Amino acid sequence: MATHYCRKIFGKSLTHNLKTRICPSYLSTLPKSQLDVAQDEQFLPDETKFKLSNPDAFDVKSMVRIKSLFEAGVHFGHTEGTLDNRMKQYLYGNRLGHLIIDLNHTKRLLQQALNVTAHISYRGGVILFLCQSPLNCLTVENCAKECGEFAHTRYWRDGMFTNSSRIFKSETRLPDLCIVLNTLSSTSKNNSGQHSVLSDAAKMLIPTIAIVDTDANPNIVTYPIPGNDDTPSAINLYCDLFKNVILKAKKVRKEILDKNKITV
């Protein structure tokens with residue numbers, strides 16, 4: 001089947017297929033005789049507009065508003081005595097013994113995380129949502145279902161990534177991105193209380209996006225987002241943003257595949 005697929009791809013012009021599938025930045029380094037610069041522009045597909053180097057290829061900056069974050073209570077942290085010192089850089093101050101998160105940091109890092117999510121979804125990656133808060137489990141599961149991705153909202157068994165073949169008795173497709181809606185877990189066996197998926201994902205080189213409250217450690221997360229990880233209104237906002245950007249990226253991917261008549 002693989003041979004048939006390769007023949008289908010390269011059955012036409014080899015040069016044209018290379019131009020449409022190789023990174024444009026690499027093509028620019030090839031000699032002009034090989035690249036045929038004169039006809040370059042007419043062969044470059046729409047997918048080159050969504051390069052990884054583009055910080056806002058999917059217009060995620062317009063999706064995040066500080067007003068929306070404030071109204072959802074994203075800025076509410078825990079009490080002063082529970083502060084993790086590694087979260088000080090994301091603090092705005094405190095009020096009545098409760099820490100306040102600087103939403104300017106939250107907005108910037110949330111936009112970055114949404115952009116990464118969009119690029120992975122656009123390239124057909126598998127995204128896994130995780131949450132162990134009983135209050136928000138249903139919200140997270142519905143979010144994953146609506147955008148065609150996966151969710152795990154129960155106890156995390158050690159080795160589900162690192163020893164997946166033995167646990168599931170077969171070869172397992174691991175996710176390309178993990179989105180953790182509450183970093184701390186009351187059921188975690190770690191002394192720090194961090195969700196066990198963070199360490200497992202790091203061992204398997206799987207990038208992670210996580211909402212880190214004032215009592216969490218942001219250093220173990222690939223793309224940390226400082227914010228409230230308890231309030232349902234905040235979780236609803238996060239889920240809506242990630243769901244919308246995933247659906248948007250999938251829509252763009254489908255349009256380009258249909259235009260180029262490529263079946264996956």
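Predicted model: local features only at pLDDT ≥ 70, side-chain atom pairs only at ≥ 80, totals over all residues.

Residues are numbered from 1 along each chain as its sequence is written, and side-chain values use heavy atoms, with hydrogens and water left out.

A nonpolar core here is a set of buried Ala, Val, Leu, Ile, Met, Phe, Trp, Tyr and Cys residues joined through side-chain atoms within 4.5 Å. Buried means under 20% relative accessible area, exposed over 50%, and partly exposed in between, with a 1.4 Å probe and protein chains only. Helices (H or I, at least four residues) and strands (E, at least two) are DSSP runs, numbered from the N terminus.

The largest core has 41 residues, and F58, F129 and L181 touch the most other members. Among the elements that each supply at least two of its residues are β4 (127-130), α8 (137-146) and α11 (232-260). The largest share, 12 residues, comes from α11.

Let us turn to α8. Which of its residues are buried? They are C137, V140, C143 and A144. Seen down the axis of α8, the buried residues fall within an arc of 130°, so they line one face of the helix; the arc is taken from the directions from the helix axis to the C-beta atoms. The face turned away from that buried side carries the exposed residues L138 and K145. After α8 comes G148, with a positive phi near 75°.
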